[in-house]
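Reader: I would like to learn how to read helix packing and aromatic pairs in a model. Can we take one case of each?

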Amino acid sequence: MSNEFALFPFFLSIDLESFIFPIMISTINVYVKLGREILSWNDAVQQHPWLASERESYKNGAQPLACVATYYVADEGTKTLRDHVHIATFHDNYKRSFRQLNEAWVSRFFKMEKNDFQQLDYPETTILAHGGEIFFLLTPDGTPIGTVAMVIHGGEMELAKMSMDDAFQGKGYAHFLMREGLQWARDRKDEFNHVTIVTNAILGPAIKLYERHGFKITHEGPHPEYERANVIMHLPL
């Protein structure tokens with residue numbers, strides 16, 4: 001996954017009365033969505049030079065907490081940046097939204113299960129402590145509007161708790177969450193050889209989203225752990 005700038009730690013040591021203070025300098029990943037194509041910022045500017053001047057006049061606002069990427073949405077016809085959203089990793093400020101966003105869609109189609117309550121109420125111990133990660137899609141003002149969790153259990157990696165606020169459905173933003181989650185998984189392909197998704201056949205749009213990112217259905221039928229699940233999908237890393 002390309003970066004706007006090289007992402008690296010740079011340590012500046014300041015010798016002050018025998019104390020050394022390390023200063024970490026890093027950047028976030030920046031991308032542009034043009035139609036159905038998503039490009040790194042540098043690649044996008046090379047192909048569409050007007051983006052450079054457009055970004056100079058575009059008001060970004062402050063970067064949200066734990067931000068790891070920014071995605072701009074560009075309009076080739078008008079040569080403008082129409083919108084942007086951020087991707088952040090888990091932070092206490094987003095914890096309540098993690099439950100709210102997931103509970104909203106689960107309750108619409110199914111019922112909350114024991115595993116849902118455990119992961120949504122205690123993500124620090126059920127997901128993060130086991131080496132997993134949670135990504136949040138944020139509006140320019142930092143409001144969480146989507147989530148996805150990369151959960152590690154039983155020696156396998158599962159993409160789970162994928163949810164989007166209804167008001168932002170259909171904009172293609174879910175692809176940003178998928179990209180970040182799957183890149184996080186590929187960075188760990190020495191430990192895991194595939195990613196699993198457990199879902200339900202009635203969630204057609206979600207299954208199409210997963211298929212667009214390379215997942216294939218490997219099992220249909222009841223699941224031994226999840227009452228609402230009847231489809232298993234896999235993506236080789």
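Reader: Which residues in α6 meet which residues in α7?

Author: One caution before that: this is a predicted model. On the α6 side, the residues are A174, H175 and M178. They meet L209, Y210 and R212 in α7. The residues of this contact divide into four nonpolar, one polar and one charged.

Reader: At what angle do α6 and α7 pack?

Author: Helix α6 spans residues 174–186 and helix α7 residues 204–212. The angle is about 45 degrees, and the axes are 11 Å apart. That makes α6 oblique to α7.

Reader: Is the crossing of α6 and α7 left-handed or right-handed?

Author: α6 passes α7 in a right-handed crossing.

Reader: Now the rings. What describes a pair of aromatic rings?

Author: Two values: the distance of the centres and the angle of the planes. Here the count comes to 11 aromatic pairs. Take Y94 and F136. Their centres are 5.2 Å apart, with 45 degrees between the planes. That pair is tilted.

Reader: Which parts does the pair of Y94 and F136 tie together?

Author: Y94 lies in the loop between β6 (80–89) and α3 (95–109). F136 lies in strand β7, residues 133–138. The pair therefore ties together parts that are 42 residues apart in sequence.

Reader: Is Y94 buried or exposed? And F136?

Author: Buried means under 20% relative accessible area. Y94 has 4% relative accessibility, so Y94 counts as buried. F136 is buried too, with a relative accessible area of 0%.

Reader: Which residues form one aromatic cluster?

Author: Y31, Y71, Y173 and F176 do.

Definitions and conventions:
Residues numbered from 1 in each chain as written. Predicted model: local features only at pLDDT ≥ 70, side-chain atom pairs only at ≥ 80, totals over all residues. Heavy atoms only, no water. Axes fitted to C-alpha atoms, helices over the stretch in contact; angles between N-to-C directions. Helix = DSSP H or I, 4+ residues; strand = E, 2+ residues; numbered from the N terminus. Parallel < 35°, antiparallel > 145°, perpendicular 65-115°, else oblique. Left-handed = near helix turned anticlockwise from the far one by under 90°. Contact = heavy atoms within 4.5 Å. Nonpolar A, V, L, I, M, F, W, Y, C, P; charged D, E, K, R; others polar. Phe/Tyr/Trp six-rings, centres within 6.5 Å; stacked < 30°, edge-to-face > 60°. Buried < 20%, exposed > 50% of the residue type's maximum accessible area, 1.4 Å probe, protein only.
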